[in-house]
Amino acid sequence: MFRLVVYPEGVFPKIHAVILKIPKGKVATYGQVAAAAGFQGAARQVVWALRSVRGLPWHRVLGAGGKIRLPGESGFEQKMRLQNEGVTFVGERVRMELHQHEFKKKRAAKKRSR
């Protein structure tokens, strides 16, 4: 049984904005990007958002545990780009404890007293 989830308009621009915040030499997982954009559990939508536009630092977004999920030459290119930015690997996984980007959590707005 499938559950249809409908996301509000503007999902991709929000995801794109989050991806642009990942600095050189840092990485994030698809799930982390989705959560930071406000769409917890929407890792697949991050993949679609990455495919929808050029010019994003796509190579800084990885599968869970720091694994490159792209097959063949694309995965090789991703690994080379990350290594050129100083990202280190253990086998085929990024050393997440060293390179994982931590997104800042939004603070709740304080109520002003009169």
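## Basis of the model

Local features in this predicted model need pLDDT of at least 70, and side-chain atom pairs count only at pLDDT 80 or more, while totals for chains, interfaces and linings use all residues. Residues are numbered from 1 along each chain as its sequence is written, and side-chain values use heavy atoms, with hydrogens and water left out.

## Overall fold

The chain has 5 helices and 4 strands. Here helices (H or I, at least four residues) and strands (E, at least two) are DSSP runs, numbered from the N terminus. Read from the N terminus, the order of elements is α-β-α-α-β-α-β-β-α.

Of the 114 residues in the chain, 35% are buried. Buried means under 20% relative accessible area, exposed means over 50%, and partly exposed lies in between, with a 1.4 Å probe and protein chains only.

## The largest pocket

The largest pocket holds about 370 Å³ of space. A pocket is defined on a 1 Å grid over the protein atoms alone, as an open set of points where a 1.4 Å probe fits, with protein on both sides within 12 Å along at least five of seven lines; lining residues have an atom within 4 Å of a point. Grid points are joined across faces, edges and corners, and the volume is the space filled by probe spheres set on the points.

Among the lining residues are Tyr30, Val47, Leu50, Arg51, Trp58, Val61 and Gln78. Helix H3 (residues 43-52) gives the most to this lining, with 3 residues. By class, the lining has 8 nonpolar, 2 polar and 2 charged residues. Ala, Val, Leu, Ile, Met, Phe, Trp, Tyr, Cys and Pro count as nonpolar, Asp, Glu, Lys and Arg as charged, and the others, Gly among them, as polar.

Tryptophan 58 is in the loop between H3 and S2 and is partly exposed, with a relative accessible area of 24%. Tryptophan 58 and glutamine 78 lie 20 residues apart in sequence, and their C-alpha atoms are 8.2 Å apart.

## Buried residues and polar contacts

Arginine 60 lies in the loop between H3 and strand S2 (61-62). Arginine 60 counts as buried because its relative accessibility is 12%. Its side chain reaches the backbone oxygen of isoleucine 22 at 2.9 Å, and a polar contact of 2.8 Å joins it to the side chain of glutamate 85. A polar contact is a pair of N or O atoms within 3.5 Å; within protein, one must be able to donate a hydrogen and the other to accept it, and residues adjacent in sequence count only if both atoms are side-chain atoms.

Histidine 16, in helix H1 (residues 11-20), is buried at 15% relative accessibility. A polar atom of its side chain lies 2.9 Å from the backbone oxygen of alanine 49. Valine 46 belongs to helix H3 and is buried at 0% relative accessibility.

## Ring contacts

The charged end of arginine 51 sits over the ring of tryptophan 48, 5.2 Å from its centre. Lysine 79 has its charged end over the ring of phenylalanine 89, 4.9 Å from the centre. A charge sits over a ring if NZ of Lys or CZ of Arg is within 6 Å of the ring centre and within 35 degrees of the ring normal.
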